[in-house]
Amino acid sequence: MTDVDAVFRALADPTRRRILDRLHEQGESTLGALCEGLDMSRQAVSKHLAQLESAGLVTTLRRGREKLHHLDPVPIQQIHDRWIGKFERSRVQAVTALRAALEEHDEQ
């Protein structure tokens with residue numbers, strides 16, 4: 001099960017969100033490639049990656065001497081299902097009820 005608090009903490013930082021965006025766009029990336037365009041040291045990016053990994057948002061695979069980082073979208077989907085999805089359902093139900101009421105009003 002996902003540690004939801006860790007995921008929210010990881011997503012709260014704009015740099016970590018930018019790293020996740022880049023991993024989403026690139027599919028996989030090395031630390032060096034992730035550092036490009038970020039105005040911070042490799043060590044700082046590495047610390048952000050460690051937090052993303054501990055939250056389950058990034059997985060790291062070794063290929064020879066290279067470490068490849070991948071986005072794992074499952075924790076974000078779990079948050080959506082648990083926290084966002086339930087609010088969307090009530091909104092959709094409200095729109096459906098409104099539509100039914102308007103259609104009933106038009107028929108009269």
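A: First a definition: a salt bridge is a side-chain nitrogen of Lys or Arg within 4 Å of a carboxyl oxygen of Asp or Glu. The structure holds 1 salt bridge. This is a predicted model, where local features need pLDDT of at least 70, side-chain atom pairs count only at pLDDT 80 or more, and totals for chains, interfaces and linings use all residues. Residues are numbered from 1 along each chain as its sequence is written, and side-chain values use heavy atoms, with hydrogens and water left out.

Q: Which residue does arginine 63 form a salt bridge with?
A: The partner is glutamate 28, and the closest N and O atoms are 3.6 Å apart. Arginine 63 is in strand 1 (residues 58-63) and glutamate 28 in the loop between helix 2 (14-26) and helix 3 (31-35), so the pair ties together parts that are 35 residues apart in sequence. Helices (H or I, at least four residues) and strands (E, at least two) are DSSP runs, numbered from the N terminus.

Q: Is glutamate 28 buried, partly exposed or exposed?
A: Glutamate 28 is partly exposed, at a relative accessible area of 31%. Buried means under 20% relative accessible area, exposed over 50%, and partly exposed in between (1.4 Å probe, protein chains only).

Q: What about confidence, what is the mean pLDDT of the protein?
A: The mean is 89, and 98% of the residues reach 70 or more. pLDDT is the predictor's confidence in each residue, from 0 to 100.

Q: Where is confidence lowest, and where highest?
A: It is lowest in helix 5, with a mean of 81, and highest in helix 4 (residues 42-54), with 96.

Q: Which element gives the most to it?
A: Helix 5, with 3 residues. Tryptophan 83 is in helix 5 and is partly exposed, at 35%.

Q: And which residues form the negative patch?
A: Glu103, Glu104, Asp106 and Glu107 form it. Lys and Arg count as positive and Asp and Glu as negative, while His and the chain ends are not counted. The place of a charge is NZ of Lys, CZ of Arg, CG of Asp or CD of Glu. Glutamate 107 sits in helix 5 (residues 74-107) and is exposed, with a relative accessible area of 69%.

Q: Leucine 57, buried or exposed?
A: Leucine 57 counts as buried, at 0% relative accessibility. Leucine 57 lies in the loop between helix 4 and strand 1.

Q: How far is alanine 12 from leucine 57 in space?
A: 13 Å, C-alpha to C-alpha, and they are 45 residues apart in sequence. Alanine 12 is in the loop between helix 1 (4-11) and helix 2, and counts as exposed at 54%.

Terms used: Patches are made of residues with over 30% relative accessible area and no salt bridge: like charges are joined within 9 Å, nonpolar side chains (Val, Leu, Ile, Met, Phe, Trp, Tyr) within 5 Å. Accessible areas come from the Shrake-Rupley method with a 1.4 Å probe; for residues, only the protein chains shown count as cover.
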